[in-house]
Amino acid sequence: ENGGGAREEVMSAGTVTQMRHVSKNPQTRRIGTRAGPSSCFQQKQAAALSRRSGRFEKKKKKLVMATRMSRKKGEVKVSSSAPESSTRVSEGAQAGSQYFQDDKRPVVLFDGVCNLCNGGVNFVLDWDVAGKLRLAALQSEAGKLLLERSGRRPDDISSIVLVEQNEAFTKSEAVLKIAEYLSVPFPLLAQFFFPLPLLIRDTVYDQVATNRYSFFGKTAECRLSDKRFDDRFIE
């Protein structure tokens with residue numbers, strides 16, 4: 001028994017020595033110490049704040065980029081690696097805007113060699129007594145620039161185009177918009193046809209436009225101006 005008691009006393013002394021050794025080592029004490037409930041809560045709160053801070057920084061960067069883009073709105077830049085067609089469209093769109101710097105009246109773009117279209121031009125001149133509209137042949141220099149400004153190819157003569165300062169209309173929509181600028185009763189007639197589905201209106205327009213040369217013929221010369229209405233035509 002005494003021998004067993006001695007062993008127990010030695011083991012107890014060794015345990016105390018080991019515990020004292022551990023207690024004197026700060027690093028070991030920190031590692032061995034279990035975090036209490038309040039410490040876990042603080043760690044979780046710190047992690048949540050870190051995540052929120054990261055999201056805030058991302059939103060801040062996006063906001064800065066959006067602000068920079070908004071400041072550059074309206075500026076058209078074409079990189080040196082851009083295709084030639086993109087450069088031409090950009091230059092054409094910018095050049096076409098010159099026709100609205102001093103005169104805000106809309107411009108009707110028509111096929112200058114089409115007999116039907118030329119008849120429509122005469123009709124507009126007769127019924128637009130107030131001179132609200134200007135005219136230009138699709139084949140003219142002004143017509144090509146205004147086509148590009150409207151987002152169309154400069155050689156596209158498939159449709160009549162009404163070019164306003166901030167918007168452009170084609171096909172049946174252009175015809176009805178033009179009618180709104182004419183004298184009574186044509187604005188009323190335009191309001192009568194506007195409710196018809198665009199698909200139906202444009203289908204009828206396309207049938208006439210596609211066969212306009214066959215049905216009505218074409219002139220040898222392109223109509224670019226009219227001496228009686230010098231202030232109404234642009235070239």
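Does D156 count as buried or exposed, and at what relative accessibility? D156 counts as buried, at 12% relative accessibility. Buried means under 20% relative accessible area, exposed over 50%, partly exposed in between (1.4 Å probe, protein chains only).

## Basis

This is a predicted model, where local features need pLDDT of at least 70, side-chain atom pairs count only at pLDDT 80 or more, and totals for chains, interfaces and linings use all residues. Residues are numbered from 1 along each chain as its sequence is written, and side-chain values use heavy atoms, without hydrogens and water.

## Salt bridges

The structure holds 8 salt bridges (a side-chain nitrogen of Lys or Arg within 4 Å of a carboxyl oxygen of Asp or Glu). One of them joins R152 to D156, with the closest N and O atoms 2.9 Å apart. R152 is partly exposed at 22%.

D111 pairs with R212 at 3.0 Å between the closest N and O atoms. D111 sits in the loop between β1 and α5 (115–127) and R212 in helix α10 (residues 212–216), so the bridge ties together parts 101 residues apart in sequence. Helices (H or I, at least four residues) and strands (E, at least two) are DSSP runs, numbered from the N terminus. D111 is buried at 2%; R212 is buried at 10%.

D103, R105 and R134 form a salt-bridge network.

## Cysteines

The model has 0 disulfides (pairs of cysteine sulfur atoms within 2.5 Å). The sulfur of C114 has its closest cysteine sulfur in C117, 3.1 Å away, too far for a bond. C114 is buried at 0%.
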